[in-house]
Amino acid sequence: MTQIAFIGLGHMGLPMARNLLKAGYPLKVFDLVRSAVDTLAGEGAVAAESAPDAVNEAKVVISMLPASRHVESLYLGDEGLLARLPAGTLVIECSTIAPESARKVHAAAKACGIALLDAPVSGGTGGAAAGTLTFMVGGQSEALERARPLLAAMGKNIFHAGPDGAGQVAKVCNNQVLAVQMIATAEAMAMGVANGLKPAVLAEIMRQSSGGNWTLEKYNPWPGVMESAPASNGYSGGFMAELMAKDLGLAQETASHNGNSAPMGALALQLYRLLLKQGKGKGKQDFSVVQQLFVE
């Protein structure tokens, strides 16, 4: 089968790579955290000593990194991977980064004859582990068809959002809606409980009424309402609050690039930044910990 290099084995990358291994794909993996590399090596992947080592002889490169600067550092410049990869290589870049940064890497890839997709994901660590992620893909349709079997091994829904950078635009739009929903739900839960309502009763009333939303269905931020939600497990796991703040910042950059206004997103960003200032640990907790802003 096609030799794949997977770079970036964090909370999302490691389970994504694991699902590729389960599907039978040969992987060579790299991460700055050696323990993550060793974990997958113990499951059948080949451990690489560096990113250039990982992509040696690879036909497909998949990366999942924290931010735009990491992606640009990995791929661009004389020492970047694009300068090392042979023409015809397929690159699937799954990080959530600025659309303009994605377009910059796309342009460099095209100049090297390399097919690149920006393919950020939704679904969190649970979706990554279960192989049910949603991929929002930007780039050429021909490249997407080459990538589709690999994406299907890691996810359930694959959308072609449009041309270069479109996947990143879709991702920041989606996460802005998610953040606003979470904040609105947390605010309402706190108000209802403070006025004597039982949290589980209030949550179900809103879920079945016009205030119903994904947060109420799957991810209630009030502890004890949903046993499997991060809120009921010390806000551990899930999607870190600091990453939500990062994505809301990207949404603001995206809006301002074309002169758009996103006031709800701006307020959500300020609230998450306020949350992060409450203590260093908040940023590493699930983003539903924003509930604590509304509780005395």
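Reader: What volume does the largest cavity have?

Author: First, the ground rules: this is a predicted model, where local features need pLDDT of at least 70, side-chain atom pairs count only at pLDDT 80 or more, and totals for chains, interfaces and linings use all residues. Residues are numbered from 1 along each chain as its sequence is written, and side-chain values use heavy atoms, with hydrogens and water left out. On a 1 Å grid over the protein atoms alone, a cavity is a set of points where a 1.4 Å probe fits but cannot get out, a pocket is an open set with protein on both sides within 12 Å along at least five of seven lines, and lining residues have an atom within 4 Å of a point. With volume taken as the space filled by probe spheres set on the points, the largest cavity comes to about 30 Å³.

Reader: Which elements each supply at least two residues of its lining?

Author: The largest cavity is lined by Val71, Glu93, Ile97, Ala102, Val105, Leu116 and Asp118. By class that lining has five nonpolar, no polar and two charged residues (Ala, Val, Leu, Ile, Met, Phe, Trp, Tyr, Cys and Pro are nonpolar, Asp, Glu, Lys and Arg charged, the others, Gly among them, polar). Helices (H or I, at least four residues) and strands (E, at least two) are DSSP runs numbered from the N terminus, and the elements supplying at least two residues each are H5 and strand S6 (115-118).

Reader: Which residues are the closest to the centre of the second largest pocket?

Author: That pocket has a volume of about 250 Å³. Helices H5 (99-111), H8 (166-194) and H11 (241-257) give two or more residues each to its lining, which by class has nine nonpolar, six polar and three charged residues. Of the 18 lining residues, the closest to the centre are Val169, Val172, Ala251, Thr254 and Ala255.

Reader: How are H8 and H11 oriented to each other?

Author: Their axes, lines fitted to C-alpha atoms over the stretch in contact, are 9 Å apart at an angle of about 120°, on a scale from 0 to 180 degrees between N-to-C directions. Under 35 degrees counts as roughly parallel, over 145 as roughly antiparallel, 65 to 115 as roughly perpendicular and the rest as oblique. H8 and H11 are therefore oblique.

Reader: And which hand does the crossing of H8 and H11 have, left or right?

Author: The contact (heavy atoms within 4.5 Å) includes Lys171 and Val172 of H8 and Ala251 and Thr254 of H11. Its residues divide into seven nonpolar, four polar and two charged. A crossing is left-handed if the near helix is turned anticlockwise from the far one by less than a right angle, and right-handed if clockwise; for H8 and H11 the crossing is left-handed.

Reader: What about H8 and H9: which hand is that crossing?

Author: H8 and helix H9 (residues 199-207) pack at about 130°, with axes 9 Å apart, and are therefore oblique to each other. Ala188, Met189, Gly192 and Val193 of H8 meet Pro199, Leu202, Ala203 and Met206 of H9. The crossing of H8 and H9 is right-handed.

Reader: Last one: how do H1 and H2 lie relative to each other?

Author: Helix H1 (residues 13-22) and helix H2 (residues 34-41) pack at about 20°, with their axes 11 Å apart. That makes H1 and H2 roughly parallel.
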